[in-house]
Amino acid sequence: MTINNQDTGIANILAANTELIQLADGMLFDEGPVWDKQHQQLIFSDTGANEHKSWSETQGLQTYRKPSYQPNGNVLDSAGNLYTCEHETRAISITDKDDRRTILCDRFQNRQFNSPNDLEIKSDGTIWFTDPPYGLGDRTKEIDFNGVFRYEPNTKELTVVIQDLSMPNGIAFSPDETKLYVGNSAAGDRYIWAFTVNSDGTLSGGEKLCQIDNNDWGADGVDVDANGNIYAGCGDGVHIFSPTGLLLGKILTPSAISNFAFGEEDGKTLFMTSEHALYQIELLVAGAVRRW
């Protein structure tokens with residue numbers, strides 16, 4: 001593993017010669033890792049195998065749930081509920097700690113979503129997610145744009161907040177939630193966009209903040225660390241940008257990285273899902289602390 005040092009800022013994130021570790025291999029297509037702090041395990045999707053997997057130091061790789069309706073992005077709330085983007089149902093689901101699964105939303109203006117891809121929960125409880133057509137297959141596309149949506153669970157209100165990106169994919173908030181980052185993964189148009197989050201839940205502005213220079217893949221998964229640096233899953237690994245969009249460096253991996261999650265007790269372990277494998281690497285900085 002080599003690091004492409006382009007700015008001294010990377011030295012505050014990743015120590016020189018840090019080892020990349022492969023934890024597991026042989027999956028069909030990995031996505032959506034999330035750290036389950038309560039049970040000290042990583043939960044992630046094997047979309048191709050229609051199941052959720054788990055990994056822990058004590059149990060290794062296991063099947064967490066199957067079937068899982070072709071899962072993609074996942075997030076856990078403070079109560080231990082698992083929210084999942086499902087390709088098969090074209091929906092956002094919630095599974096509680098007793099393994100009871102409920103569909104939260106699956107359509108906009110009575111039209112089915114394309115195939116929800118990635119999601120984030122804001123501190124006010126609203127769920128923000130992207131809806132490109134990657135998991136649509138040969139089914140009819142009912143919504144004529146690839147949108148980013150905001151869902152209010154208490155009122156069941158669904159609002160489209162972005163509808164002019166070509167292929168919105170990964171999604172994350174800045175640590176203070178004043179910015180929303182969305183990775184756009186269309187060929188020839190691979191950027192992380194930054195939007196201002198207004199107090200009423202709307203967005204304003206919109207700029208191409210980070211450019212992905214590897215044109216094979218990405219920006220796929222997107223997340224931020226405690227210092228506001230922006231991470232993106234890409235064709236050659238994970239690209240790390242400053243909050244102003246400067247490429248600080250890359251964690252290079254043997255295969256493309258679809259998504260990643262900060263985990264372990266101190267939040268300084270970065271778990272990365274590739275197409276078929278699961279990797280980890282130790283960082284010097286933790287992921288942004290969730291406030292819910």
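Q: What makes the residues around Asn117 its contacts?
A: In this predicted model, Asn117 touches Asn72, Gly73, Cys85, His87, Thr130, Pro132, Tyr134 and Asn169, leaving out residues up to four places away in sequence. They are called contacts because heavy atoms lie within 4.5 Å.

Q: Why is Asn117 called buried?
A: Buried means under 20% relative accessible area. Asn117 has 3% relative accessibility, so Asn117 counts as buried.

Q: Where does Asn117 sit, and what does the UniProt record say about it?
A: Asn117 lies in the loop between strand E11 (111-112) and strand E12 (119-121). The "binding site" annotation that covers Asn117 comes from an unreviewed UniProt entry, and such annotations may be inferred rather than shown by experiment.

Q: Which strands make up the open sheet that includes E12, and what makes E12 and E15 its edges?
A: The sheet has four strands in the order E12-E13-E14-E15, with antiparallel pairing. E12 and strand E15 (157-162) each have a single partner strand, so one side of each is left without a neighbour in the sheet. On average, neighbouring strands of this sheet are turned by 20° against each other, direction ignored.

Q: How do you know that E14 and E15 pair?
A: Two strands pair if there are at least two bridges between them. Strand E14 (residues 147-152) and E15 run antiparallel and are joined by five bridges, so they meet that cut-off. As one example, Phe149 has Val160 in E15 as its bridge partner.

Q: Is Asp220 buried or exposed?
A: The cut-off for buried is under 20% relative accessible area. Asp220 has 7%, so Asp220 is buried. Asp220 is found in the loop between strand E19 (203-211) and strand E20 (222-224).

Q: Which residues does Asp220 touch, and which UniProt annotation covers Asp220?
A: Beyond residues up to four places away in sequence, Asp220 touches Glu31, Asn169, Gly170, Gly233, Ile257 and Ser258. The annotation covering Asp220 is "active site", taken from an unreviewed UniProt entry.

Q: What makes strand E22 largely enclosed?
A: Five of the five residues of strand E22 (residues 237-241) are buried, so E22 is largely enclosed by the rest of the structure.

Q: How many bridges join E22 to E21, and how many join E22 to E23?
A: Strand E21 (residues 230-234) and E22 pair in the antiparallel sense over five bridges. Cys234 has Gly237 in E22 as its bridge partner, and a hairpin through two residues joins E21 to E22. E22 and E23 also pair antiparallel, over five bridges, with Val238 opposite Ile251 in E23. These two strands form a hairpin with five residues between them, and Gly245 in the turn has a positive phi of about 95°.

Q: What makes the link between Ser255 and Ser274 a polar contact?
A: A polar contact needs N or O atoms within 3.5 Å. The side chains of Ser255 and Ser274 are joined at 3.2 Å, so the distance falls within that cut-off. Ser255 is found in the loop between strand E23 (247-252) and strand E24 (257-263). Leaving aside neighbours within four places in sequence, Ser255 is in contact with Gly235, Ser274 and Tyr279.

Q: Why is Thr95 called buried, and which side chain makes a polar contact with the side chain of Thr95?
A: Thr95 is buried because its relative accessible area is 4%, with the cut-off at under 20%. Thr95 lies in strand E8 (residues 91-95). Its side chain makes a polar contact of 2.7 Å with the side chain of Arg65. Contacts of Thr95 beyond four places in sequence include Gly80, Asn81 and Leu82.

Q: What makes strand E6 largely enclosed, and how does E6 pair with E7?
A: Six of the six residues of strand E6 (residues 71-76) are buried, so E6 is largely enclosed by the rest of the structure. E6 and strand E7 (residues 82-86) pair in the antiparallel sense over four bridges, with Leu76 opposite Leu82 in E7. Their hairpin has five residues between the strands, and Gly80 in the turn has a positive phi of about 90°.

Q: Where does pLDDT stay under 50?
A: The protein chain averages a pLDDT of 94, and 96% of the residues score at least 70. Residues 1-7 stay under 50. Where pLDDT is low, the predicted coordinates should not be read in detail.

Terms used:
Residues are numbered from 1 along each chain as its sequence is written. This is a predicted model: local features need pLDDT of at least 70, side-chain atom pairs count only at pLDDT 80 or more; totals for chains, interfaces and linings use all residues. Side-chain values use heavy atoms; hydrogens and water are left out. Buried means under 20% relative accessible area, exposed over 50%, partly exposed in between (1.4 Å probe, protein chains only). Axes are lines fitted to C-alpha atoms, for helices over the stretch in contact, and angles run from 0 to 180 degrees between N-to-C directions. A polar contact is a pair of N or O atoms within 3.5 Å; within protein, one must be able to donate a hydrogen and the other to accept it, and residues adjacent in sequence count only if both atoms are side-chain atoms. pLDDT is the predictor's confidence in each residue, from 0 to 100.
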